[in-house]
Amino acid sequence: MQKKKSVEKRTKGADTWEYSNILLIFTGIFVLMIGYLVHFQVVKSRDTINNPYNARLETFEQRVIRGSILAADGQLLAYTRVEEDGTETRIYPFGCTFSHVLGYSGYGRTGIEDLGHFQLVTFNAYFIEKFINELKEQKDIGDTLVTTLDVDLQTAAHDALGDQKGAVVVLEPSTGNVRALVSKPDYDPGEVASEWSELSSSGDSVLLNRALQGLYPPGSTFKTITLLEYLREHQFRDEDYSFLCEGKVSVGNSSISCYHGSRHGELDLKLAFAKSCNSAFADMGRSFHVPSFKNLVEQLLFNSDLPLDFPYSKSSFQLKASDPEALHMMTAIGQGDTLVTPMHMAMLMSAIANDGVLMKPRFLDRTESYTGAMVVEKYPTEEYGAIMTAEEAEALQDYLRAVVEEGTASALQSDRYTAAGKTGTAEYSSDKNKSHAWFIGYVSGDKPDLVVCVIMEGAGSGSEYAVPVAKRVFEAYYAEE
Ligand SMILES: [Zn+2]
């Protein structure tokens with residue numbers, strides 16, 4: 001009896017040993033499988049799905065109905081309508097208003113449709129719903145993207161630009177949130193497939209996103225940078241500056257004139273900036289230490305990559321100490337060989353308004369399951385870093401306010417907000433009567449600061465054409481609850 005008992009005990013012990021080992025092995029395999037699945041779902045699939053040449057993409061599109069894109073306040077910007085026969089149509093309720101920023105999908109992909117493609121064809125819901133869909137052989141509905149875009153601001157910018165070729169970028173400096181982004185001419189994203197040959201062959205480059213890819217001479221908006229270089233080279237002692245404007249400055253056999261030949265007379269630095277005196281700034285340009293000037297411009301992200309998730313063009317700046325004096329002077333007033341994108345100028349203004357710190361432009365706020373019940377991923381705001389010191393930014397803020405108080409942007413005076421900014425009238429051809437109208441600036445008040453950058457191709461002066469567009473966006477912002 002006793003012997004049997006001990007045998008039983010031993011056997012039981014062996015069983016337990018085997019059990020726990022087998023359990024361990026199975027658990028191990030299970031953990032590895034989960035790990036692989038998670039890795040595949042999260043890491044590998046994001047790359048494979050985003051690769052347009054990957055066959056998995058097709059599988060996903062066959063299994064998942066493309067998700068919706070929402071404005072920051074929840075209004076629908078894009079969704080997929082499914083007909084009774086199963087035909088799927090991508091619907092853009094605002095038509096051409098959001099065209100370049102939303103982009104299109106189905107005939108290639110651009111804009112947010114491209115940026116958020118992975119999320120839009122990925123389905124996150126509670127397991128039971130996935131299981132039921134599987135049983136019913138029903139397609140899953142892709143996740144919803146909530147953007148940072150504001151319908152009122154986008155509509156205001158879109159309408160204000162009218163039929164004018166150009167772009168408007170609206171950013172929130174403290175977060176980098178892109179509140180509006182317009183490029184004209186535009187198109188209806190829902191009609192891209194049917195109008196492809198016309199759109200792609202248009203001489204107006206309809207499909208080009210001018211806000212991010214259009215390269216323009218900055219004109220007098222660049223004086224903001226020239227001013228900063230002057231302040232740096234003179235240890236911020238602007239009280240020592242004075243200039244007598246006689247309407248033009250000559251060098252060799254070329255001369256640089258003030259806008260419409262205005263003679264600005266006796267100027268201190270603030271008034272020279274506010275009135276956008278070409279003579280004063282061209283004169284300043286010939287005294288600069290070129291390596292420091294180039295260093296500053298590159299610190300402000302010229303000839304450099306920008307922290308942007310969208311395709312964009314790089315802004316360029318070239319100047320050598322050995323270049324002719326006339327080129328130094330032209331460069332200081334934003335003519336010369338300098339080229340910029342509207343988004344870059346908006347980012348520069350955004351850093352100035354945010355005391356020197358540039359926030360990465362942010363288009364997406366979060367991904368939700370299609371019912372909105374589950375937040376799948378929240379995208380944090382990201383600081384790019386300080387591109388100038390807080391003291392430098394504050395000095396520039398003061399000068400930019402003077403442009404509204406006593407200069408070329410006085411139309412932006414309001415008792416509801418304080419506007420600041422710089423106008424530009426950029427020549428771009430040998431015909432001196434042709435110019436792009438620019439405005440870069442921001443408003444402060446009892447709402448978060450808001451930056452607006454406007455460019456209107458060939459429209460004329462910044463003061464006359466671009467400032468009223470910015471004003472309409474500022475007014476729309478302050479009209480919102
Ligand atoms: Zn002048």
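1. The secondary structure of the protein comprises 17 helices and 19 strands; helices (H or I, at least four residues) and strands (E, at least two) are DSSP runs, numbered from the N terminus. The model is predicted: local features need pLDDT of at least 70 and side-chain atom pairs count only at pLDDT 80 or more, while totals for chains, interfaces and linings use all residues. Residues are numbered from 1 along each chain as its sequence is written.

2. Of the 481 residues in the protein, 45% are buried. A residue is buried if 20 or more other C-beta atoms lie within 10 Å of its own, exposed if 12 or fewer, and partly exposed in between, with C-beta atoms placed from the backbone.

3. Helix α7 spans residues 151-161, and its buried residues are Leu 153, Gln 154, Ala 156, Ala 157, His 158, Ala 160 and Leu 161. Their cover includes β7 (166-171), β8 (178-184) and α17 (462-479). Just after α7, Gly 162 has a positive phi of about 55 degrees.

4. In helix α13 (residues 290-299), Phe 293, Lys 294, Leu 296 and Val 297 are buried. These residues lie on the same side of α13 because they cover an arc of only 160 degrees around the axis, the arc being that of the directions from the helix axis to the C-beta atoms. An α-helix has 3.6 residues a turn, so residues three or four places apart point the same way.

5. Pro 291, Ser 292 and Glu 298 are exposed on the other side of α13. The cover of the buried residues of α13 includes α10 (223-233).

Methods. Two residues are in contact if their C-beta atoms, placed from the backbone, lie within 7 Å.
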